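Here is a friendly walk through the strands, helices and a few backbone details of this chain. Keep the structure open beside you as you read.

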Amino acid sequence: MHFHHHGYVSGDPREYPEASGLRPQFLPPVMDVLVVGAGPAGIITAAQLSMFPDVHTRIIDRRGHRLMVGQADGIQARSVETFQAFGFASPITDEAYRITEMCFWKPDPENPERIIRTARTVDDPENISEFPHLIVNQARVIEYFADFMRKSPTRLTPDYGWEFIAQEIDETEEYPIKVTLRRSDDGDGPGETMGVTRTVRCKFLVGADGAHSPVRKSIGRCLEGDQANHAWGVMDVLANSDFPDMRTKCSIQSKSEGNILLIPREGGHLVRWYVDLGTVTEERKATVRSTTIDEIIAKANAIISPYSLDVKDVSWHSVYEVGHRLTDKFDDVAEQEQGSRTPRVFIMGDACHTHSAKAGQGMNVSMQDGFNLGWKLGHVIRGTSPAELLDTYSDERQVVAGDLIRFDKEWSTLMATPPEEFEAPSFLEDFYVKTAEFPAGFMTEYTKSLITDDTDHQDLAPGFPIGKRFRSRKVVRICDANPIHLGHTHVADGRWRIYVFADSPAPDKDSKVRSLARWLQTGEDSPVRKYTPEGGDDNALFDIKVIYQQPHDSFNLTDAPDLFFPEVGPFKLQYTETVFGVHPEVDIFDVCDINRDGCMILVRPDQYVSAIFPLDAHEEIRDFMDPIFTS
């Protein structure tokens, strides 16, 4: 962790110095960003914005209190990677259930009325991430983000008990969006009694308010799609059972009673059961949602025969039909307005894409929506990026949601398919292994845009595909000889990352890396020099690191150029944790196939690779970066 640069810290170093003065205790009349909905999508958006001290953000929720029990629970590796950036990957992993295997159960060929285990598959067979696949309640995820916000420079906390009613936009106003809110419970503020309405004004509005989103409706967007006409009962239970894999994720297929997806929960006892309730015919539509918990338990017992389930307590249960719906755009810019204005209102999460829970993607993809948008709003509002940056949110995330729905349709259909209908006995488990990278969250690949370059220089670093997330690898930090994951230094503070992979050993005075460093630091046309805010830390906008091809003990820290020692804080202290050598066991140049002539990799604040350049392509670097930033 980086602290003490503002003076000695005797308390919790995770609590940033307050930078924006006293935060109004109650909802004020104006703000820069209003986030509606404190679920996973909304809370990560607010958490990212809380790191921009000069951006006034508020987040409201119609509940009168924090979420106590959430329905989502699957945390994919990409999400844990994101949690690392927000500083809580380790503690949430410690309390979560960790998925390492999945077991597949099918009818016994010798006695099809009973099930037997037919396969075990490793959850991450290709080792696509150093982070695990977790199960933990959605409410705990939200609480971790809320804790991050409370300790941020803006000391942001949700305003509970406010419901969005309507909005209208007047671009002649400094705060163009007038939002009508209604108090949903009795609050502590003056005049905050249930049912009272009030208006606030903001520059940008974010709707993270669920599948029935009033914000979505206010901009004329509709969820469109279809129902799969198949019902599932889902229950979180405390139970005893002689089923041998009660604490292992399982797909269970019976001969005639239907299927189950079994997911153990955190804590050692709780287990979630997705129980197949069959096809929803026209006759069943009116009654399937009234299926009782006793009927769901009985169905589960029939499917797992000859084993049995003795339920002691039910903490939550529901019945749902699988549906797949998507909006055509995730902002308020109509097709005929494209190019004439930039967005003011955004939607995310269930407000713009809904699907089944089988692939565990709802919360995960929704959080990536928020991570994508949060930093973009921060940069536009504080004036370090043009408003056109906001156009990329819908362009990028709508494609991801479409891919998710196509995948989920296939997976949820397979989960409801009788085993005898598969073309091969191992089809389901083979599909699970073959597609593991998609549900893990690592198939997202943004295409060419304002912030994503073409692939002309991809050959310089094939291990870091442009448009995909920057995958972490081990290196050794020179200043203290600590082996660390390079990507784990990328915290969610809204800064861009520049990773410079050196072309020759330090301290070569004629190396391309030294020439690049000199230009970035002093060149008249250098983006680093032009766009770093005047009077701020040297690394206020760009966190720049260098990785040399040699071991850490073969050169001195001071052999690196001055660029890599930015002055930070009021005392202008040199920050030295930016110079690295290769790890003795895992050479990052080898495992990521980085060209030994070196390269510069530009990474977005949400951890996706934006561009790759040769070290001496100064004009090309300038031409790509200039449209992204404003001085």
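## A three-stranded sheet

Three strands form an open sheet in the order S3-S7-S4, and their pairing is antiparallel. At the edges lie strand S3 (74-75) and strand S4 (97-99), each of which pairs on one side only. Please keep in mind throughout that this is a predicted model.

Three bridges link S4 with strand S7 (residues 133-135) in the antiparallel sense. To find this pairing on your screen, look for Arg98, which stands opposite Leu134 in S7. As a reminder, strands of a sheet pair through backbone hydrogen bonds, either parallel or antiparallel.

Next comes a run of helices. Two packed helices are described by the angle between their axes and the distance between the axes. For helix H7 (residues 362-382) and helix H8 (residues 391-415), the axes come within 10 Å and cross at roughly 170 degrees. An angle over 145 degrees counts as roughly antiparallel, and H7 and H8 are therefore roughly antiparallel to each other.

On the H7 side, the residues that meet H8 are Val365, Gln368, Asp369, Asn372, Leu373 and Lys376. Their counterparts in H8 are Thr392, Tyr393, Glu396, Arg397, Val400 and Leu404. Sorted by class, this contact of H7 with H8 holds five nonpolar, three polar and four charged residues.

H8 also packs with helix H9 (residues 427-434): their axes come within 11 Å and cross at roughly 150 degrees. H8 and H9 are therefore roughly antiparallel to each other, and their crossing is left-handed. Phe407, Glu410, Trp411 and Leu414 of H8 make this contact with Phe427, Leu428, Phe431 and Tyr432 of H9. How do the residues of the contact of H8 with H9 divide by class? Seven are nonpolar, none is polar and one is charged.

## The annotated C-terminal region

An unreviewed UniProt entry carries the annotation "domain: Phenol hydroxylase-like C-terminal dimerisation" for residues 444-629. In the model, the chain over residues 444-629 is 15% helix and 22% strand.

## A seven-stranded sheet

Now for an open sheet of seven strands, which has the order S20-S19-S25-S22-S21-S26-S27 and mixed pairing. Which strands are the edge strands? They are strand S20 (483-485) and strand S27 (609-613), each pairing on one side only. Neighbouring strands of the sheet are turned by 30 degrees against each other on average, direction ignored.

Strand S19 (residues 474-477) runs antiparallel to S20, and three bridges join the two. Within this pairing, Val475 has Ile484 in S20 as its bridge partner. Helix H13 (residues 618-625) packs on the sheet, where it touches strand S21 (496-501), strand S22 (542-551), strand S26 (599-603) and S27. The direction of H13 makes about 160 degrees with that of S27.

## Helix H10 against H13

H13 has a helix partner too. Helix H10 (residues 512-522) packs with H13 at an angle of about 40 degrees, and their axes are 11 Å apart. H10 and H13 are therefore oblique to each other, and H10 passes H13 in a right-handed crossing.

Ser515, Leu516 and Trp519 of H10 make the contact with His618, Ile621 and Arg622 of H13. These residues of the contact divide into three nonpolar, two polar and one charged.

## Backbone details in the loops

In the loop between helix H6 (293-303) and strand S16 (309-326) you will find Pro306. The peptide bond from Ser305 to Pro306 is cis, with omega near 20 degrees. Another cis peptide bond joins Ala506 and Pro507, with omega about 5 degrees; Pro507 is in the loop between S21 and H10.

Where is Ala481 placed? Ala481 is in the loop between S19 and S20. This residue has a positive phi of about 60 degrees although it is not a glycine.

Technical notes: Residues numbered from 1 in each chain as written. Predicted model: local features only at pLDDT ≥ 70, side-chain atom pairs only at ≥ 80, totals over all residues. Heavy atoms only, no water. Pairing = 2+ DSSP bridges. Helix = DSSP H or I, 4+ residues; strand = E, 2+ residues; numbered from the N terminus. Axes fitted to C-alpha atoms, helices over the stretch in contact; angles between N-to-C directions. Contact = heavy atoms within 4.5 Å. UniProt positions renumbered as here; feature names shortened; annotations may be inferred. Parallel < 35°, antiparallel > 145°, perpendicular 65-115°, else oblique. Left-handed = near helix turned anticlockwise from the far one by under 90°. Nonpolar A, V, L, I, M, F, W, Y, C, P; charged D, E, K, R; others polar.
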